[in-house]
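Good morning, and thank you for coming.

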Amino acid sequence: MQDDPFTTEIIKEALVAIGDEMFAALIRTSMSPIIYETTDFAVGATDARGNLLAQGNGVTGFLATLDTAVQSTLLHYPAPGDVRPGDIFITNSPYEGGGTHLSDVVILLPVFHGDRLIAWTVNKAHWTEVGGAFAGSASTQSTDIYQEGLHFRFLKLYEEGQINHGIVEIIRANVRLPDSTIGDLHAGVAACRVGGNRVLELVAKYGRAPVLGAMDELLDYGERMTRAALARL
C-alpha cells in the first residue's frame, strides 16, 4: 500500500474508470449489432501478471475469462523479449485462456512503461462471422471445430506496432461479412489502445511506483472483501 492513501484511492478509481471508457469505445467503433446493440462483449485491464483490475459492463461470463486470456498469452510467449511494446495479440481458442467458442474473439494489448511491462488491456467480443460451414459460424449441426470457423491461437496481430496484414487478409478471405468482421477487429484494437493510453497517463501524472502500488492495493482490497463475504456465509 502506498504511503499516501488519498493518491492511492484516486488511482484505484481511475483504474476502474478505464474499464468504463474501454466499454464505450468498443460500442462506438464496432460494426456489428451484436456488439454495439446487445453488448455481447467484455473489456478490462489487468496487471502485468494477468490479475484482473478493472472491467466494464458486459457479458458476465466473458469477464471471468479476461484474466486467464492474458495468463495463457504469457504462457505462449514466456521468454524475455517475446512480448514487446507495440505488440497486440488475438485469440479465440476454446481450449485455453478461458475460451468459449470461436466466435468470441479476444484482443490483448501489453502496456509498457519504458521497457517494463506494467499492465494489459483486453476485450472479448462475439464477432458475427468467423467463417466455417454455416453463416454466423455457430451451429448445432457442427460436428468438429473446423466447421465453426477460423481458429486464432494466441497470434501477434500487431508486432512492435506493425499490423500483420497476412492475418487480416486471411480473415477477409474466409468470412461472409468481411467489412464488419474486420471492423470489429479494429474496434477491439481501438478499445485496448484507449485503455493502454489511460494507464500510461496515470503513470505520467503520479509515477510508476504509485500506480503499481495502487494496482496491488486494488487486488488486496478485492481479496479482503471476498474473504469477508465468505466469512459471513
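Is Thr39 buried, partly exposed or exposed? Before I reply, please bear in mind that the model on the screen is a predicted one. Thr39 counts as partly exposed, because its relative accessibility is 24%, and the cut-off for buried is under 20%. Thr39 is located in the loop that runs between helix H2 (33-36) and strand S1 (41-47). Its phi is near 50 degrees, which is a positive value in a residue other than glycine. As a general point, most residues other than glycine have a negative phi.

A second residue belongs beside that one. Phe154 is not a glycine either, and has a positive phi of about 55 degrees. Phe154 sits in the loop between strand S5 (116-126) and strand S6 (155-159). With a relative accessible area of 2%, Phe154 is buried.

Let me turn to strand S1. How many of the residues of S1 are buried? Seven of its seven residues are, and the strand is mostly covered. Phe41, Val43, Ala45 and Asp47 point one way from S1, whereas Ala42, Gly44 and Thr46 point the other way.

S1 has pairing partners. S1 and S5 run antiparallel and are joined by seven bridges; in that pairing, Val43 stands opposite Asn123 of S5. S1 and S2 are antiparallel as well, joined by three bridges, and Thr46 has Leu52 in S2 as its bridge partner. S1 and S2 form a hairpin with four residues between the strands, and there Gly50 adopts a positive phi near 95 degrees.

Next, the helices, beginning with H1. Helix H1 covers residues 5-29, which makes 25 residues, and it spans 37 Å from its first C-alpha to its last, close to the 36 Å expected. At the start of H1, a side-chain oxygen of Asp4 comes to within 3.1 Å of the backbone nitrogen of Phe6. The buried residues of this helix include Ile11, Leu15, Ile18, Met22, Phe23 and Leu26. Against which elements do the buried residues of H1 pack? They pack against H2, S1, S2, S5, H5 and helix H6 (208-232).

Thr29 also lies in H1. Thr29 is partly exposed, with a relative accessible area of 36%. Its side chain reaches the backbone oxygen of Ala25 at 2.7 Å. Leaving aside neighbours within four places in sequence, Thr29 is in contact with Gly183, Ala187 and Ala190.

Helix H3 comes next. It comprises 17 residues, 60-76, and reaches 26 Å between its first and last C-alpha atoms, close to the 24 Å expected. Where is the kink in H3 centred? It is centred on Leu66, and amounts to about 30 degrees. Leu66 is among the buried residues of H3, as are Phe62, Leu63 and Val70. The buried residues of H3 pack against S1, strand S2 (52-55), strand S3 (88-91), strand S4 (104-113) and S5.

My last stop is Asn92. Asn92 is placed in the loop between S3 and S4. Is Asn92 buried or exposed? Asn92 is buried, since its relative accessible area is 1%. Which backbone oxygen does the side chain of Asn92 reach at 2.8 Å? That is the backbone oxygen of Leu102. The side chain of Asn92 also reaches the backbone oxygen of Leu150, at 2.9 Å. Its contacts beyond four places in sequence include His101, Asp104, Val105, His151 and Phe152.

That concludes the tour, and I thank you for your attention.

How values were computed:
Residues are numbered from 1 along each chain as its sequence is written. This is a predicted model: local features need pLDDT of at least 70, side-chain atom pairs count only at pLDDT 80 or more; totals for chains, interfaces and linings use all residues. Side-chain values use heavy atoms; hydrogens and water are left out. Helices (H or I, at least four residues) and strands (E, at least two) are DSSP runs, numbered from the N terminus. Buried means under 20% relative accessible area, exposed over 50%, partly exposed in between (1.4 Å probe, protein chains only). The expected span of a helix is 1.5 Å times one less than its number of residues. The bend at a residue is the angle between axes fitted to the seven residues ending there and the seven starting there. Contact means heavy atoms within 4.5 Å. Two strands pair if DSSP finds at least two bridges between them. A polar contact is a pair of N or O atoms within 3.5 Å; within protein, one must be able to donate a hydrogen and the other to accept it, and residues adjacent in sequence count only if both atoms are side-chain atoms.
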